[in-house]
Amino acid sequence: MVTDPAPKIRIQDVTYAYDDAAALRNVTLDIPAHAITVLFGPAGGGKTTLLRLINRLNDLVEGTRMSGQILLDNEDIYAPGVSVTDLRRRVGMVFALPLPLPGSVRQNVLYGPRLAGLRDQGRADEILFRSLNQAALWEEVKDRLDDSASALSGGQQQRLCIARSLALEPEVLLLDEPTSGLDPISTAKVEHSLFELKKDYTIVIVPHSVQQAARVADHAAFFLMGELIEHQPEKKLFTAPQKKRTEDYVTGRFG
Amino acid sequence: MKNKNHLRWSEFLIQTLIRVLGFSSIGFVLLIFLFLLREGIPVFFQVSPTNLFGTRWYPTFDLFGTLPLILGSVLVTVTAIVIAVPLGVTTAVFVREVAPNWAREVLKPMIEVLAGIPSVVLGFFGMTLLAPFVRETLGFPTGLTAFTGALILAYMALPTIISVAEDALDAVPKSYRDAGLAMGATQWQTIWRVVVPGARSGIVTAVMLGMGRAIGETMAVMMVTGNAARMPLSLDSIFRPARTMTATIAAEMGEVAQGSVHYHALFGIGILLFLLTFIINLAAATTIFKKRRRGGLR
């Protein structure tokens, strides 16, 4: 696996706290471009918080404190003057629960581009096809594009949410336990589409199990109680962990 | 053994009591409805339909045209709703989505207190302050107009609309907001294109409840609309006095001879009012139901 020399995202000494509890402590991590980086560990480890920080979704949460820097292409995303909406168009996010918005399949996929000002019908059809195809959903929904999105199955809804993020042609795709509510077949489909997507995108995923972490990782980072315990390229974290706590977790001694 | 018996008895007593209370409240509503029908139905036989749905309401000359009253009610209510809905829904959005936490905690109870102001107080306020204000700013011969009534009614419906719509917005999962924001929507776009559509059924309910409050309101309306039973047909009718169905019943019921045609006519108006509210509620219920079945709503 050859990764680009310059990491896509650099997280530098980030500490983050909600009202009273620290969620992340001094986390430093480089995320390589065109690869799948897995953030895993037991619940409450700060993985989701880190994802939300990367596209600034926690901006509206009150009573939080943050120190450290997050760089995207070597630019501080929290610097004054950075447009949050532009950032979020470059960094897409998919959530744990499939969340079709009110409206049809077509409306869901085109939500983002339309908000960004897309009017051209031909271009819209193009985006619709490309995004659904990349999310491995096109074949299943091509005849029901104008049906309500909530009529799709759970697995289809989650891939629809991935397609919705892809419609904005982001550079980075953040996925927070995207398969936690899905059956094994749908999970396999989502994972398969991730392998296709990493050619064009930088992917950061919080998997819903250690097994999934091991399946999809090009690069893995283990989080415990807000601390980054260790991170390794490829699958070394699962075969030859350096730290005792990592080994205990991946071999199932706790978690 | 004795103790067990005792338990069984108290259980039986409580159950019976609750059952009697429950059925009696249904029974009372039913009795009121039957009474309304008994007193109101005769007018439909005593007065010819052309008279009853005519344009002139002069009970002393045996003219019982209810049309100006129906249109008066509709005019005042619709105007009130046109004023109150945009104001109420945007206030709800502000309180729920934009205002900081501390402001929300102050505003919400304050709005709910507003709902408790007795309507006669609002009517008095409308008569002494709002009516002269309307007369002077708009330059009409009188400030007691349908418009003044609509303003007071809008004010009365606002707390209901705000409060219910705010609850509906609150029920939209936080994840919807995240999903909107994560797509690069601004806060405003997220509110308008994701959160508000998500709360649509609740907002429709809010509007309907507000409308119910407005159309049934009597006291405040009677005090400020001028009570002239004229057909509101010209464009400026909104700025002329009008008379509603409720005000007519309240104003005339006290001095009518019991059992007379006029007496039955007032109950007849009550039946019409009931039908009107029933139709509105039915329409609201079916819209909500249809939307929900299509799956477009939560």
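A: Two strands pair if DSSP finds at least two bridges between them. Also, this is a predicted model, where local features need pLDDT of at least 70, side-chain atom pairs count only at pLDDT 80 or more, and totals for chains, interfaces and linings use all residues. Residues are numbered from 1 along each chain as its sequence is written, while chains are lettered from A and ligands numbered from 1 in the order in which they are written.

Q: Let's move to the open sheet in chain A. What's the strand order?
A: β2-β1-β4-β5, so 4 strands with antiparallel pairing. β2 (22-31) and β5 (75-76) are the edge strands, each pairing on one side only.

Q: How many bridges join β4(A) to β5(A)?
A: 2, between β5(A) and the antiparallel β4 (residues 65-72). One pairing to look at is A:L71 with its bridge partner A:D76 in β5(A).

Q: What about A:D13, where does that sit?
A: In strand β1 (residues 9-17) of chain A. Phi of A:D13 is near 50 degrees, which is positive in a residue other than glycine. For context, most residues other than glycine have a negative phi, and most peptide bonds are trans.

Q: Is A:D13 buried or exposed?
A: Exposed, because A:D13 has 11 C-beta neighbours inside 10 Å. The cut-offs: a residue is buried if 20 or more other C-beta atoms lie within 10 Å of its own, exposed if 12 or fewer, and partly exposed in between, with C-beta atoms placed from the backbone.

Q: Which residues of α3(A) are buried?
A: A:V105, A:N108, A:V109, A:L110, A:Y111, A:G112, A:P113 and A:L115. That's 8 of the 11 residues in the helix (residues 105-115), so α3(A) is mostly covered.

Q: What do they pack against?
A: In chain A, α4 (121-134), α5 (138-141) and α6 (154-166), together with α8 of chain B. Contact here means that the C-beta atoms of two residues, placed from the backbone, lie within 7 Å. After α3(A) comes A:G117, with a positive phi near 105 degrees.

Q: Since chain B came up, how many residues does each chain put into the contact?
A: 19 from chain B and 23 from chain A. On the chain B side, α7 (174-182) and α8 (187-198) each supply at least two residues, and α7(B) gives the largest share, 6 residues. By class, that side has 9 nonpolar, 8 polar and 2 charged residues. Ala, Val, Leu, Ile, Met, Phe, Trp, Tyr, Cys and Pro count as nonpolar, Asp, Glu, Lys and Arg as charged, and the others, Gly among them, as polar.

Q: How many helices and strands are there in chain B?
A: 12 helices and 2 strands. Buried residues make up 38% of its 298 residues, and the C-alpha trace spans about 75 × 70 × 40 Å along its principal axes.

Q: At what angle do α3(B) and α9(B) pack?
A: About 140 degrees, with the axes of α3 (residues 67-98) and α9 (residues 200-216) 10 Å apart. That makes the pair oblique. Axes are lines fitted to C-alpha atoms, for helices over the stretch in contact, and angles run from 0 to 180 degrees between N-to-C directions. Angles under 35 degrees count as roughly parallel, over 145 as roughly antiparallel, 65 to 115 as roughly perpendicular and the rest as oblique.

Q: Which residues meet there?
A: Among them, B:S73, B:T77 and B:A80 in α3(B), and B:I203, B:V207 and B:G210 in α9(B). The contact has 10 nonpolar, 4 polar and no charged residues.

Q: Last one: where is B:N227?
A: In the loop between α10 (219-224) and α11 (245-252) of chain B. B:N227 has a positive phi of about 55 degrees although it is not a glycine, and it is partly exposed, with 18 other C-beta atoms within 10 Å.
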